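Q: Please take me through a few features of this protein, one at a time. I would like the rule for each feature before the case.

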Amino acid sequence: MPVDVVTFGCRLNAFESEVIRREADGAGLSDTIVINSCAVTNEAVAQARQSIRRLKRERPEARIVVTGCAAQTQAQMFAGMAEVDRVIGNEDKLQRDSWRDARAAFDADIADDKIAVTDIMSVKQMAPHLVDGFERGLPRVFVQVQNGCDHRCTFCIIPFGRGDSRSVPMGAVVEQVRMLIERGHAEIVLTGVDLTSYGADLPGAPKLGMLTKQILRHVPELKRLRISSIDSIEADLDLLDVIANDIKLMPHLHLSLQSGDDMILKRMKRRHLRQDAIDFCDRVRRLRPDIALGADIIAGFPTETEEMFSRSLDLVGECGLTFLHVFPYSRRPGTPAALMPQVAGGEIRERAKRLRAAGEAALRRRLESEMGKTREVLIESATAGRTEHFLPVAIAGDVPGAVRRLAITGHDGARLTAGL
């Protein structure tokens with residue numbers, strides 16, 4: 001049986017799962033399940049553990065390998081699970097030698113040395129991983145341009161799972177995008193852990209805006225380019241120029257805001273204040289008036305009072321957000337926030353619920369504003385697509401991968417409906 005990869009977490013993990021599949025297959029592994037884990041919350045780690053137990057019950061003969069951020073930060077815990085045969089580090093998972101070593105251990109039935117995790121902080125350069133394993137014609141695919149993070153937000157464990165920031169050279173990124181377009185993919189999403197830190201470690205220190213310009217200049221066949229989550233305080237002038245002037249860059253940004261209260265932002269060790277977020281959203285909306293904005297916001301960060309939380313709730317309207325990704329605060333051992341006075345669990349859940357309700361209302365308002373407009377819709381399946389603004393659209397029968405100009409005729413509160 002081929003190698004199966006189960007992916008948790010972010011878009012970067014989704015990209016890396018394709019690299020894992022290629023390298024594990026190339027190493028000759030078979031009848032193996034790889035769990036590519038996430039460490040962003042305790043719930044994400046728990047979900048990985050539950051999946052491991054379930055998959056072992058369903059396929060008792062299969063080997064189980066755990067990798068990803070949670071494997072990097074909690075290798076001993078996963079190695080202690082009877083169901084797990086090997087734990088591979090977050091950088092190691094991208095190397096074929098790691099999978100050859102795993103196969104050799106399995107073939108020799110060596111069970112006493114499960115852990116193959118190197119020091120992620122020692123990794124200072126990033127080799128490009130040209131992925132050709134995406135299914136041909138898949139409408140939207142990811143390209144990894146950056147990994148790791150040099151910042152140390154007090155709530156975040158991810159730098160210890162990903163290491164310091166490092167970037168893929170621009171030429172290699174352009175080559176990857178060109179190859180994917182030649183394979184019939186319509187939309188490319190640039191992804192990384194801290195995208196707006198892109199290039200600081202490369203000669204000449206190019207920024208994310210320069211990278212997007214190079215892609216758009218050198219791959220003119222590209223229909224749609226999208227960027228995943230960014231840190232607004234680090235958005236450079238070239239990026240703002242592309243947002244304003246190139247329609248191939250989709251009018252949709254997802255921002256790492258985390259809170260709307262200045263004291264909480266300082267305790268999080270963020271690099272922006274509330275007004276910075278509002279000013280950035282106002283600025284990009286002047287540059288691209290129809291842009292759709294989303295944001296990550298944490299509910300119930302340690303020391304957060306009801307008044308502080310209300311400022312996060314108000315930020316949804318003040319920034320004009322359409323999409324909200326709400327994280328109930330999750331205490332991660334080893335982070336400074338874990339030592340701060342904690343908000344009660346019930347309050348965290350209640351605040352997260354209110355934030356999600358505000359996000360649902362904001363999405364409904366945006367859907368309502370789309371009525372009667374004509375949008376370029378990327379067809380993702382026979383029944384679903386996405387507009388330029390990443391708004392979901394219900395459709396009736398079409399060819400995945402096509403981009404259709406459709407009239408928006410209605411919505412159900414969660415999705416648009418469209419007709420030819």
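A: Start with burial: a residue is buried when its relative accessible area is under 20%, exposed when over 50%, and partly exposed in between, using a 1.4 Å probe and protein chains only. The model is predicted, so local features need pLDDT of at least 70 and side-chain atom pairs count only at pLDDT 80 or more, while totals for chains, interfaces and linings use all residues. Residues are numbered from 1 along each chain as its sequence is written, and side-chain values use heavy atoms, with hydrogens and water left out.

Q: Is Asp 231 buried or exposed?
A: Asp 231 counts as buried, at 3% relative accessibility.

Q: How many salt bridges are there by the rule?
A: Side chains of opposite charge can pair when their charged atoms come close. The rule for a salt bridge is a side-chain nitrogen of Lys or Arg within 4 Å of a carboxyl oxygen of Asp or Glu. The count by this rule is 36 salt bridges.

Q: What does the salt bridge of Asp 31 with Arg 59 tie together?
A: In this salt bridge the closest N and O atoms of Asp 31 and Arg 59 are 2.9 Å apart. Asp 31 is in the loop between helix H1 (11-26) and strand E2 (32-37), and Arg 59 is in the loop between helix H2 (42-58) and strand E3 (63-68), so the pair ties together parts that are 28 residues apart in sequence. The helices (H or I, at least four residues) and strands (E, at least two) are DSSP runs, numbered from the N terminus. Asp 31 is partly exposed, with a relative accessible area of 21%, whereas Arg 59 is buried at 19%.

Q: Which residue does Arg 270 meet in a salt bridge?
A: Arg 270 meets Asp 231, with an N to O distance of 3.7 Å. Arg 270 lies in the loop between helix H10 (262-268) and helix H11 (274-287), and Asp 231 in the loop between strand E10 (224-227) and helix H9 (237-245), so this pair ties together parts that are 39 residues apart in sequence. Arg 270 is buried too, with 12% relative accessibility.

Q: At what angle do H8 and H9 pack?
A: Two packed helices are described by the angle between their axes and the distance between the axes. Axes are lines fitted to C-alpha atoms, for helices over the stretch in contact, and angles run from 0 to 180 degrees between N-to-C directions. Helix H8 (residues 208-218) packs on H9 at about 45 degrees, with the axes 6 Å apart. H8 and H9 are therefore oblique to each other; angles under 35 degrees count as roughly parallel, over 145 as roughly antiparallel, 65 to 115 as roughly perpendicular, and the rest as oblique.

Q: Is the crossing of H8 and H9 left-handed or right-handed?
A: A crossing is left-handed if the near helix is turned anticlockwise from the far one by less than a right angle, and right-handed if clockwise. H8 and H9 cross in the left-handed sense. Contact means heavy atoms within 4.5 Å. On the H8 side, Leu 208, Gly 209, Met 210, Thr 212, Lys 213 and Leu 216 meet Asp 238, Leu 239, Asp 241 and Val 242 of H9. By class, the contact of H8 with H9 has five nonpolar, two polar and three charged residues. Here Ala, Val, Leu, Ile, Met, Phe, Trp, Tyr, Cys and Pro count as nonpolar, Asp, Glu, Lys and Arg as charged, and the others, Gly among them, as polar.

Q: How far apart are the axes of H7 and H8?
A: The axes of helix H7 (residues 170-182) and H8 are 10 Å apart, at an angle of about 45 degrees. H7 passes H8 in a right-handed crossing. Met 170, Val 173, Val 174, Val 177 and Arg 178 of H7 make the contact with Met 210, Leu 211, Gln 214, Ile 215 and His 218 of H8. These residues divide into seven nonpolar, two polar and one charged.

Q: Where does Ile 291 lie?
A: Ile 291 is in the loop between H11 and strand E12 (292-299), and is buried, with a relative accessible area of 3%. Leaving aside neighbours within four places in sequence, Ile 291 is in contact with Ile 243, Pro 251, His 252, Leu 253, Val 284, Arg 285 and Arg 366.
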